Amino acid sequence: MLTSVVIPVRDAADQLLYTLFSMNLQFTAFEEFEVIVIDNASCDGIAERIERFHAHYPLRVVRFRRRMPYYHLLHTGLAQASGELIILLSCNMIVPREFIGVHQHAHDHSGELVLLGLRTRRIYSVYEPDFSPIQQQECREWLEQYPHIKRPHTQHCTVPLLEESQIVGGLPFHIGLPCPEAEKRHAIRQKYGPRLEHHRSPWTLFQTQHVSILRDNLFRIGRCKELPRLEMERDLAKRLWRKGCRFQFDDKLTLIKQERVIRKAREQSVSKKNRRVQ
């Protein structure tokens, strides 16, 4: 089954290149999948760097010259995809070698499946000077534990920390930090099981940072609605659920989420949420 991996990205060239490199290591035959990068008007030279990247699989880049809303990126990626199976993936995820194969195998056995990401660990693959104070401290403490990982030679510019050979050897999967969001999802899996039996609203667990759906099921429900990202994801998932798709956690994969700069909008959102809790 031909599989299309759709990756929206904005200003995350270093993280994306690690993600694309991890796709070069797949056990699945390279002619069985393609990767489509949707560049949302990045300013970090990502298009030129992808051109220099040697992908073993078909790799296409769609570039927008002005910033577009997320639903438009997603719709564009789906329109460009040729595969029978669609995997939506965040630009900062390093995937294991069996990534494509696990998704293909799951959908070979169920045509109405929505396979949700479950296990994620975090890693500082790239040092960024705009990291928040909490990220700066966590990065320093984490690097102290692993002296074989490169140290940033400066604190004033972005510095990739991982060597490709370390990804080939699987190092990130052994030294990743816990991911709080993944731990919450694991608690839900413990309560309801991987098939989310008796969960009243499984669509709320749908996230485009790691999920797979057969192309036919996506096109049966129509275009992504013009909504903010979270609302759009929930609406898309709910329509899939209403069409008879069932949601299931993937129990076989662990992905590595590369830390990125927490933008001001996100910090303000977290701050507002904390004030409401207090």
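Biologist: Why does Glu 34 count as buried?

Modeller: Buried means under 20% relative accessible area, exposed means over 50%, and partly exposed lies in between (1.4 Å probe, protein chains only). Glu 34 has 7% relative accessibility, so it counts as buried. This is a predicted model, in which local features need pLDDT of at least 70 and side-chain atom pairs count only at pLDDT 80 or more, while totals for chains, interfaces and linings use all residues. Residues are numbered from 1 along each chain as its sequence is written, and side-chain values use heavy atoms, with hydrogens and water left out.

Biologist: What makes Glu 34 and Arg 60 a salt bridge?

Modeller: The rule asks for a side-chain nitrogen of Lys or Arg within 4 Å of a carboxyl oxygen of Asp or Glu. The closest N and O atoms of Glu 34 and Arg 60 are 3.0 Å apart, and the pair forms a salt bridge. Glu 34 sits in strand β2 and Arg 60 in strand β3, so the pair ties together parts 26 residues apart in sequence. Strands here are DSSP runs of E, at least two residues long; helices are runs of H or I, at least four long; both are numbered from the N terminus.

Biologist: Why is Arg 60 called partly exposed?

Modeller: Its relative accessibility is 30%, so Arg 60 falls in the partly exposed class.

Biologist: How many salt bridges does this rule count?

Modeller: The count comes to 11. One network links Arg 122, Glu 138 and Glu 259.

Biologist: Which salt bridge does Arg 229 form, and at what N to O distance?

Modeller: Arg 229 meets Glu 233, at 3.3 Å from N to O. The two are 4 residues apart in helix α10, which means about one helical turn between them. With a relative accessible area of 38%, Arg 229 is therefore partly exposed. Glu 233 has 6%, so it is buried.

Biologist: What is the salt-bridge partner of Asp 235?

Modeller: Arg 239 is the partner, with the closest N and O atoms 2.9 Å apart. Arg 239 has a relative accessible area of 15%, so it is buried.

Biologist: Why are α3 and α10 called oblique to each other?

Modeller: Angles under 35 degrees count as roughly parallel, over 145 as roughly antiparallel, 65 to 115 as roughly perpendicular, and the rest as oblique. Helix α3 (residues 70–80) and helix α10 (residues 229–242) pack at about 45°, with their axes 9 Å apart. The pair is therefore oblique. The axes are lines fitted to C-alpha atoms, for helices over the stretch in contact, and angles run from 0 to 180 degrees between N-to-C directions.

Biologist: Which residues of α3 and α10 meet?

Modeller: Tyr 70, Tyr 71 and Leu 74 in α3 meet Arg 229, Met 232 and Leu 236 in α10. Contact means heavy atoms within 4.5 Å. The residues of this contact divide into 5 nonpolar, no polar and 1 charged. Nonpolar covers Ala, Val, Leu, Ile, Met, Phe, Trp, Tyr, Cys and Pro; charged covers Asp, Glu, Lys and Arg; the others, Gly among them, are polar.

Biologist: Is Ile 213 buried or exposed?

Modeller: Its relative accessible area is 0%, so Ile 213 is buried. Ile 213 belongs to strand β10 (residues 210–214). Beyond its neighbours within four places in sequence, Ile 213 contacts residues including Leu 85, Ile 86, His 107, Phe 206 and Leu 240. The C-alpha atoms of Ile 213 and Ile 86 are separated by 5.4 Å, although the two are 127 residues apart along the chain.

Biologist: What is the strand order of the open sheet of 7 strands?

Modeller: The order is β3-β2-β1-β4-β10-β6-β11, with mixed pairing. Its edge strands, β3 (59–64) and β11 (246–249), each pair on one side only. Strands pair if DSSP finds at least two bridges between them. Parallel strands β1 (residues 3–9) and β2 (residues 33–40) are joined by 7 bridges. Val 9 stands opposite Asp 39 in β2.

Biologist: In the open sheet of 3 strands, what is the order?

Modeller: The order is β5-β12-β7, again with mixed pairing. β5 (93–94) and β7 (119–123) each have a single partner strand, so one side of each is left without a neighbour in the sheet. β5 and β12 pair antiparallel over 2 bridges, whereas 5 bridges join β7 to β12 (residues 254–258) in parallel. In β12, Ile 256 is the bridge partner of Arg 121, and Ile 94 stands opposite Ile 256 too.
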